[in-house]
Amino acid sequence: MRTHRFLILIGLLLLSLPAAAQPQAPSLDDRVSAFLEQHRGQWNALNVPFEDGQILHNLVVAGRFRNILEIGTSTGHSTIWLAWAAAKTGGKVITIEIDPGRRALALENFRQAGVDAFIESHLANAHALVKQLPGPFDFVFNDADKEWYLNYFTALDPKLAVGGCFTAHNTLRIYAKQVQEFLDVVRAKRNYQTRIERGGGEGISISCKRTP
Ligand SMILES: C[S@@+](CC[C@H](N)C(=O)[O-])C[C@H]1O[C@@H](n2cnc3c(N)ncnc32)[C@H](O)[C@@H]1O
């Protein structure tokens, strides 16, 4: 009887060994953060710097934003930060890129970072697609052609939920002149509150819509 029990015990121990030895799959947080750290400072297709990605991520998480639109994917650095935030808020990111090569690299980056399930990527001219997308959105990140910023804002203003934010990259330094008209218009709107965060240096304008 004792030998029988001993054998059962040994059997149970052996059965538990392979499971214990199995490596745990990394959490989404671990996977995305490892990807972003590994690629830090190496993005070379006009991508936002790490600090600006962090700002976008933190804005989305703090505002609990779920319907996110990005104009200008490039190879996907900012999209990954936004999608990581969307994973935390239960949202998703729609992102638009006109360049097929950059968009293809972005898709691969989304997969590697582990956030592809939170992204709907469009290969399209945003001039047309932004008008067609129904919305509503509660967070917009505008990082495509600077001379079109005001047009994007005009098209999206009616689709932006109250409490939502329209953000735009490169509002300080080199593109400041090209985006000045956009900034003047949005700052003059009584139902928007606008501030600029410096981040990595190029500046992100953050215009949040309040009750008119
Ligand atoms: C500054 S980069 C975006 C960087 C990206 N947000 C990131 O941080 O990884 C601007 C991108 O907008 C794209 N773009 C420019 N005009 C566009 C348009 N009309 N429609 C869609 N994409 C456009 C460019 O091809 C370029 O890849």
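## The largest pocket

In this predicted model, 29 residues line the largest pocket. Those nearest the centre of the pocket are Leu 46, Asp 143, Ala 144, Asp 145 and Lys 146. The space in this pocket comes to about 530 Å³. Rolling a probe the size of a water molecule over the atoms shows where empty space is left.

By class, the lining consists of 13 nonpolar, nine polar and seven charged residues. Strand S2, residues 92–97, gives at least two residues to the lining of the largest pocket, and so does helix H6.

## The ligand and its shell

What takes up the space of the largest pocket? The ligand does. Around the ligand stand 22 residues, and the closest of them are Val 48, Ser 78, Glu 97, Arg 102 and Asp 143. Asp 143 is also one of the residues that lie nearest the centre of the largest pocket.

The shell around the ligand is made up of seven nonpolar, nine polar and six charged residues. Helix H4, which covers residues 77–89, supplies at least two residues of this shell. Helix H6, residues 126–132, likewise supplies at least two.

## Polar contacts and burial

For Asp 143, a side-chain N or O atom is 2.8 Å from a ligand nitrogen. For Asn 125, a polar side-chain atom lies 2.9 Å from a nitrogen atom of the ligand. Thr 73 takes part through its backbone, where an N or O atom lies 3.5 Å from an oxygen atom of the ligand.

How much of the ligand does the protein bury? Taken alone, the ligand exposes 610 Å², and the protein buries 90% of that.

Most residues other than glycine have a negative phi, and most peptide bonds are trans.

Pro 136 belongs to the loop that runs between H6 and strand S4, residues 137–142.

Arg 64 is found in the loop between helix H3, residues 50–63, and strand S1, residues 67–71.

Methods
Residues are numbered from 1 along each chain as its sequence is written. This is a predicted model: local features need pLDDT of at least 70, side-chain atom pairs count only at pLDDT 80 or more; totals for chains, interfaces and linings use all residues. Side-chain values use heavy atoms; hydrogens and water are left out. A residue is near a molecule or strand if one of its heavy atoms lies within 4 Å of it. A polar contact is a pair of N or O atoms within 3.5 Å; within protein, one must be able to donate a hydrogen and the other to accept it, and residues adjacent in sequence count only if both atoms are side-chain atoms. Accessible areas come from the Shrake-Rupley method with a 1.4 Å probe; for residues, only the protein chains shown count as cover. On a 1 Å grid over the protein atoms alone, a cavity is a set of points where a 1.4 Å probe fits but cannot get out, and a pocket is an open set with protein on both sides within 12 Å along at least five of seven lines; lining residues have an atom within 4 Å of a point. A molecule sits in a cavity or pocket if more than half of its atoms lie within 2 Å of its grid points. Helices (H or I, at least four residues) and strands (E, at least two) are DSSP runs, numbered from the N terminus. Ala, Val, Leu, Ile, Met, Phe, Trp, Tyr, Cys and Pro count as nonpolar, Asp, Glu, Lys and Arg as charged, and the others, Gly among them, as polar. Grid points are joined across faces, edges and corners, and a volume is the space filled by probe spheres set on the points.
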